[in-house]
Amino acid sequence: MSTILEDTIDPAAAPDFVEAEVRYVLDDGTPPYRYIDWPEMRDKDRPPTYEPRRVRIGNGRRSGETFALATHGFALVERPTKVKDFYDEDEVLRVYYPETEALIKAESGAKRVIVFDHTVRTADKSRLAERWVRETVHAVHNDYTERSAPQRVRDFLPPGEAEEALKGRYGIVQTWRSVAPRVESEPLAMCDGKSIPEVGFIPYERRYRDRTAETYHLSYSPRHRFFYFPQMTRDEAMVFKVFDTDASAGVRFTAHTAFHDPTTPPDAKGRESIEMRALAFY
């Protein structure tokens with residue numbers, strides 16, 4: 001297991017916790033959906049309705065807890081990368097995909113890992129037209145569901161191999177890293193998977209011309225425990241589980257969201273990050 005960088009911030013500079021608003025979906029009994037890259041269907045969207053809730057978000061660097069995929073659903077690890085430019089798609093595919101596969105294998109114990117997707121997120125409006133570059137997400141969510149996770153296995157493995165793989169334990173594990181030297185604003189809040197009750201998972205469909213994707217957006221629960229890791233550096237990575245078929249594995253889902261840290265200075269740089277998604281077979 002990799003270790004957390006202990007000297008990435010001045011411990012006196014960040015509080016033990018912050019209180020901040022996060023957005024939860026309101027469950028009105030009808031799942032939301034939206035159409036992607038399908039202009040003629042755009043007016044048929046049924047967007048989710050969110051409510052802001054003020055929550056306590058603990059400083060994971062000072063909590064005294066040891067975070068791991070099995071116990072919390074996430075872990076912060078020290079893992080420098082050889083990537084020079086995360087906006088260079090070829091370099092990300094050539095260098096960062098294999099780096100991420102090795103990292104997820106080490107942290108999850110999976111026998112086989114296949115990275116299948118990535119997203120760069122930034123507040124820089126000039127870059128949002130680029131492929132795989134998106135805005136930060138301010139909503140408590142988990143990226144895959146009971147329906148969409150097995151579909152991803154079928155999407156990326158040959159039919160016979162996929163059906164055989166679906167008989168065993170598999171999951172989807174993601175990583176999150178700062179593209180800039182540090183995360184100075186809009187950090188990532190992780191929800192302890194053990195604190196998420198088995199209710200409040202609202203499917204949110206993203207309908208493309210050729211397929212339908214689905215994520216879970218979460219409704220509010222007072223049981224949720226959030227953590228963040230202030231000033232994450234480019235040499236650190238968050239590894240987190242968004243699906244696991246094994247109910248005995250400790251945690252099957254986590255949830256996460258960007259949030260506005262009330263301690264962020266006004267001159268802080270906009271957040272730039274890269275998120276990787278991978279199939280993990282055990």
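In helix H2 (residues 148-156), the residues Ser148, Ala149, Pro150, Arg152 and Val153 are buried, where buried means under 20% relative accessible area, exposed means over 50%, and partly exposed lies in between, as judged with a 1.4 Å probe on protein chains only. Helices (H or I, at least four residues) and strands (E, at least two) are DSSP runs that are numbered from the N terminus. The buried residues of H2 pack against E5, helix H3 (159-165), strand E8 (170-178), strand E11 (212-218), strand E13 (236-244) and E15, a contact being defined as heavy atoms within 4.5 Å. The structure is a predicted model, in which local features need pLDDT of at least 70 and side-chain atom pairs count only at pLDDT 80 or more, whereas totals for chains, interfaces and linings use all residues. Residues are numbered from 1 along each chain as its sequence is written, and side-chain values use heavy atoms, with hydrogens and water left out.

The pLDDT is the predictor's confidence in each residue, on a scale from 0 to 100. For the protein chain the mean pLDDT is 91, and 91% of the residues reach 70 or more. Over residues 1-9, however, the pLDDT is below 50, and this stretch has 26 contacts in the model beyond near neighbours in sequence.

Two loop residues were then examined. Thr145 is placed in the loop between strand E7 (141-142) and H2, and Thr145 counts as buried because its relative accessibility is 1%. When neighbours within four places in sequence are left aside, Thr145 is in contact with Pro150, Glu214, Thr215, Tyr216 and Phe243. Val140 is found in the loop between strand E6 (133-134) and E7, and with a relative accessible area of 0% Val140 is therefore buried. Although Val140 and Arg23 are 117 residues apart in sequence, their C-alpha atoms are 6.1 Å apart in space. Residues up to four places away in sequence not being counted, Val140 touches Val22, Arg23, Tyr24, Tyr216, His217, Leu218, Phe226, Ala255, His256 and Thr257.

Asn59, in strand E3 (residues 50-59), has a relative accessibility of 1% and so counts as buried. The side chain of Asn59 reaches the backbone oxygen of Pro15 at 3.0 Å. Apart from residues up to four places away in sequence, Asn59 touches Ala14, Pro15, Asp16, Phe17, Tyr228 and Pro230. Thr264, by contrast, lies in the loop between strand E14 (255-258) and E15, and Thr264 is partly exposed because its relative accessible area is 24%. The side chain of Thr264 reaches the backbone oxygen of Asp261 at 3.0 Å. The residues that Thr264 touches, not counting those up to four places away in sequence, are Glu184 and Ser185; the C-alpha atoms of Thr264 and Glu184, which are 80 residues apart along the chain, are separated by 7.0 Å.

A search of the whole structure finds 22 salt bridges, a salt bridge being a side-chain nitrogen of Lys or Arg within 4 Å of a carboxyl oxygen of Asp or Glu. In one of these, the side chains of Arg121 and Glu275 meet at 3.7 Å, N to O. This pair links distant parts of the chain, with Arg121 in strand E5 (residues 112-122) and Glu275 in strand E15 (residues 272-281), 154 residues apart. Both Arg121 and Glu275 are buried. Another salt bridge joins Glu205 to Arg207, with the closest N and O atoms 2.7 Å apart; Glu205, at 22% relative accessibility, counts as partly exposed, and Arg207 is partly exposed with a relative accessible area of 22%. The side chains of Asp244 and Lys241 also meet in a salt bridge (3.2 Å, N to O), and both Asp244 and Lys241 are buried. Salt bridges that share partners join Glu65, Asp192, Lys194 and Arg225 into one network.

The structure holds 2 cavities of 30 Å³ or more. A cavity is a set of points, on a 1 Å grid over the protein atoms alone, where a 1.4 Å probe fits but cannot get out, and lining residues have an atom within 4 Å of a point. Grid points are joined across faces, edges and corners, and a volume is the space filled by probe spheres set on the points. The largest cavity has a volume of about 50 Å³, and the residues that line the largest cavity are Arg121, Val137, His141, Trp176, Leu188, His256, Thr257, Ala258, Arg271 and Glu275. The most is given to this lining by E14, with 3 residues.

Note on methods
Polar contact = N/O pair within 3.5 Å; in protein donor to acceptor, adjacent residues only side chain to side chain. 1 Å grid on protein atoms, 1.4 Å probe; cavity = no way out; pocket = protein on both sides within 12 Å on 5 of 7 lines; lining within 4 Å.
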